[in-house]
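Please keep the sequence and the structure in view while reading.

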Amino acid sequence: HEFKNKLHTIAGLIQLKQYDAAIDYAIENNQDQEELTGQLQRKIKDPVVSGLLLGKASQMKEQGIEFIIRPESYLQTLPVHMTSGDLILILGNLLSNAMEALENCDLKEITLLIKQEPGELVVKVANTGEWIDEAFGACIFERGVSGKVNGTGIGLSLVRDKVTLIGGTVRYVNQPEGGVFFEVRVPYGG
């Protein structure tokens with residue numbers, strides 16, 4: 001949808017004989033995407049993960065969310081017991097939940113860190129949304145538990161189940177300055 005919307009916008013500007021505006025719009029959108037693509041190609045060596053992140057970045061841009069991939073992010077190889085699909089399940093759910101947490105916020109920012117540390121892969125997804133209540137947080141990873149009106153309560157339970165299956169851990173932390181981050185740690189194993 002987003003690609004078609006951009007093409008329609010460019011076509012409309014051309015029909016209005018706003019040629020300079022059409023060129024500026026095409027270059028601006030392409031430049032942002034090229035910068036992110038370049039960053040991902042240098043830092044994230046799994047093309048499936050990079051594809052997900054590009055898609056989520058576009059979705060966030062449409063929703064007015066600033067998406068920051070921390071510069072120290074780096075992924076050369078996945079842990080032994082983890083597939084690209086596993087990481088997509090984890091990242092996809094954590095990023096989607098972070099986006100939903102920002103729906104009623106003035107400051108809309110999501111920060112991602114994917115990093116190979118000695119012996120483990122670390123994934124952190126932070127958002128500037130409201131803190132998670134302690135009582136709700138105690139059961140947040142259980143199937144059927146959701147903080148959303150029409151939520152299914154499946155996403156975070158899938159993350160917990162997958163992370164547990166591959167020998168990792170998942171937790172959330174309310175940040176002192178506001179917002180929440182979710183952290184996944186998966187051992188590289190042998």
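The model discussed here is a predicted one. Within it, Asn127 has a relative accessible area of 6% and is therefore buried.

Asn127 belongs to strand β3, which covers residues 120-127. A polar atom of the Asn127 side chain lies 2.7 Å from the backbone nitrogen of Gly129. Leaving aside residues up to four places away in sequence, Asn127 is in contact with Ala98, Ala101, Leu102, Glu109, Ile110, Gln175, Gly179 and Val180.

## Packing of α4 and α6

Helix α4 (residues 84-101) packs with helix α6 (residues 155-165) at an angle of about 150°, the axes being 9 Å apart, and the crossing of the two is left-handed.

On the α4 side, the contact is made by Asp86, Leu89, Ile90, Asn93, Leu94 and Asn97, while α6 brings Gly155, Leu156, Leu158, Val159, Lys162 and Val163. Sorted by class, the contact of α4 with α6 comprises seven nonpolar, three polar and two charged residues.

## The largest nonpolar core

The largest nonpolar core has 42 residues, of which Leu53, Phe67, Leu91, Ile110, Leu112, Ile114 and Phe182 touch the most other members. With seven residues, α4 gives the most to this core.

For Phe182, again not counting residues up to four places away in sequence, the residues touched are Leu94, Val123, Lys124, Val125, Ile132, Ile140, Phe141, Leu156, Arg171 and Tyr172.

Definitions and conventions:
Residues are numbered from 1 along each chain as its sequence is written. This is a predicted model: local features need pLDDT of at least 70, side-chain atom pairs count only at pLDDT 80 or more; totals for chains, interfaces and linings use all residues. Side-chain values use heavy atoms; hydrogens and water are left out. Axes are lines fitted to C-alpha atoms, for helices over the stretch in contact, and angles run from 0 to 180 degrees between N-to-C directions. Helices (H or I, at least four residues) and strands (E, at least two) are DSSP runs, numbered from the N terminus. A crossing is left-handed if the near helix is turned anticlockwise from the far one by less than a right angle, and right-handed if clockwise. Contact means heavy atoms within 4.5 Å. Ala, Val, Leu, Ile, Met, Phe, Trp, Tyr, Cys and Pro count as nonpolar, Asp, Glu, Lys and Arg as charged, and the others, Gly among them, as polar. A nonpolar core is a set of buried Ala, Val, Leu, Ile, Met, Phe, Trp, Tyr and Cys residues joined through side-chain atoms within 4.5 Å. Buried means under 20% relative accessible area, exposed over 50%, partly exposed in between (1.4 Å probe, protein chains only). A polar contact is a pair of N or O atoms within 3.5 Å; within protein, one must be able to donate a hydrogen and the other to accept it, and residues adjacent in sequence count only if both atoms are side-chain atoms.
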